[in-house]
Amino acid sequence: MLHLRHFVQADCPVMMRDIFPDMSQEKCMQTIAEFASMEYNGRYFEMFAVVCEAEIVGFVSLYEHDAATISLGPEIMEKHWRNGYGTQAMELGLLHAKQKGYTKATAQIRKNNAASIKLHEKLGYQKTGEMVNRKGTEVFVYERKLENASERTATMHIHGEKIFPYGYNPIATIGDTQQNSLMDFGLLRMRAGETFQEAQELERAYLLISGRALVEWGCEKQTVQRKNCFDESPTVLHVPRGVSVTLTAQTECEWTVHRTENLRDFAPRLYLPEETPDEHRGAGTMRETSTRIVRTVFDHSNAPQANLVLGEVIGFPGKWSSYPPHYHSQPEIYFYRFNPENGFGYAELGEEVIKTHQNSTVFITKEETHPQTTAPGYAMWYLWVIRHLPGDPYITPTFVPEHLWVTQPDADIWPCE
């Protein structure tokens, strides 16, 4: 598990080898002693080693600008890049700053530093201006409000209606800067005989949760039905921008509706239940404590021109899913149903935990780990939709290495059998 700690004198060999290669041992020891003062130019300054499994993988500094404002300076050693350590270190640093009473974080980022810009925007920083700094370098100025855990949870978890009203119920929008999912997402509830029609300049997907309906797109049409989302695989209509779609309910129906920007064209497709068989992921490992049903409708392998990835998971009562812990750079939305409906589960967002209920929506947009667990006695269905990023499509997630051992069929898990 990644954590922050202060540098100590025993860290000198690592600092001289990997962080400050031109520094003498005497200077290194002096520098560590200066870190301990937690002051620089009369202002608060704190330097942390970023540590993973007892190994220093980088550092992060906190520097006070005024009584309310702090800046963070992260640095991860090159050999440890692409493990998500920079994001995790920044999150821990921001949490520490919040606990010390700071309410705003600021950053000056070189205009050509695309990686740092991406990292800060992923962490909720917003560009507020640009300037030439004291070194004569052109930089963007970024700022972020420091929110506490309860404030962030309120933003990233929408409890949802106990029963949604008829019609289209928007839950997320493409331009929302708090959730930052880059997607429209909503629940469409229809009475028998009602019609829903749209032809937007957006890529769209319509997933049938339950009911029977006539689906029309372009010059095609087909009647589809689904008893419920637990026992049967979904029907999904997936269309590119500009294609007219009409849904006519023959019984009461519920759909999830997904939209995102995509200038690429592709052939519309109706995915039928037999094309999305149940995959019993995790079976034969972890003593079946993380066995679950996964249904991937479409992803980069069968819809390479799409900007969406769409699927479902069924979590069995008392078991885990989306496990071992993993993360990815692309934003994702989870939407939940329980059987019976008064059930509940828990969703992890990094170091925070959210209690999920019927019709909860959770946003995963900051490279957090996000395993799920289900209360005993209750089955949990959740829809998942991921938005590809430009030049960075979702293929596979990054698993937290320290927990991968549990996936081995012969893993030695207590109590030993």
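Asp11 is buried, with a relative accessible area of 7%; here buried means under 20% relative accessible area, exposed over 50%, and partly exposed in between, using a 1.4 Å probe and protein chains only. The side chains of Asp11 and Arg5 meet in a salt bridge, 2.8 Å from N to O. The term salt bridge stands for a side-chain nitrogen of Lys or Arg within 4 Å of a carboxyl oxygen of Asp or Glu.

Before going on, please keep in mind that this is a predicted model, where local features need pLDDT of at least 70 and side-chain atom pairs count only at pLDDT 80 or more, while totals for chains, interfaces and linings use all residues. Residues are numbered from 1 along each chain as its sequence is written, and side-chain values use heavy atoms, with hydrogens and water left out.

## More charged pairs

Side chains of opposite charge can pair when their charged atoms come close. The structure holds 19 salt bridges. One of them joins Glu254 to Arg337, with the closest N and O atoms 3.0 Å apart. Glu254 lies in strand E17 (residues 253–260) and Arg337 in strand E24 (residues 332–339), so this pair ties together parts that are 83 residues apart in sequence. Both Glu254 and Arg337 are buried. Strands and helices here are DSSP runs numbered from the N terminus, with at least two residues (E) for a strand and at least four (H or I) for a helix.

Another salt bridge links Glu275 and Arg269, whose closest N and O atoms are 2.6 Å apart. Glu275 is partly exposed at 35% relative accessibility, and Arg269 is partly exposed at 32%. Elsewhere, a network of salt bridges connects Arg226, Asp278, Arg295 and Glu312.

## The nonpolar cores

A nonpolar core is a set of buried Ala, Val, Leu, Ile, Met, Phe, Trp, Tyr and Cys residues joined through side-chain atoms within 4.5 Å. The largest one has 45 residues, and those with the most contacts inside it are Val236, Phe298, Leu310, Phe335, Tyr336, Trp381 and Leu383. Strand E29 (residues 379–387) supplies the largest share of this core, 8 residues. A second, separate core of 28 residues includes Leu62, Ala97, Ala105 and Phe140.

Which residues does Phe335 touch, not counting those up to four places away in sequence? Among them are Phe164, Ile171, Phe185, Leu187, Trp381, Tyr382 and Leu383. Contact means heavy atoms within 4.5 Å.

Helix H2 (residues 25–36) has 12 residues and reaches 17 Å from its first C-alpha to its last, close to the expected 16 Å. That expected span is 1.5 Å times one less than the number of residues. The buried residues of H2 are Cys28, Thr31, Ile32 and Phe35. They cover an arc of only 100° around the axis, which puts them on the same side of H2; the arc is that of the directions from the helix axis to the C-beta atoms. The face turned away from this buried side carries the exposed residues Glu26 and Ala36. Helix H1 (12–19) and strand E3 (43–52) are among the elements covering the buried residues of H2.

In helix H4 (residues 114–122), the buried residues are Ser116, Ile117, Leu119, His120 and Lys122. Their cover includes helix H3 (85–99), strand E6 (104–110) and strand E8 (138–145). Just after H4, Gly124 takes a positive phi of about 95°.

## Backbone details in the loops

Met38 has a positive phi of about 55° although it is not a glycine. Met38 is found in the loop between H2 and strand E2 (39–40). Glu288, also not a glycine, has a positive phi of about 65° and sits in the loop between strand E19 (279–281) and strand E20 (292–298).

The peptide bond from Tyr323 to Pro324 is cis, with omega near 5°, and Pro324 is in the loop between strand E22 (320–321) and strand E23 (326–327). A cis peptide bond also joins Trp414 and Pro415, with omega about -5°.

## The protein as a whole

The secondary structure comes to 5 helices and 30 strands. Of the 417 residues, 50% count as buried. The C-alpha atoms fill a box of roughly 80 × 60 × 35 Å along the principal axes.
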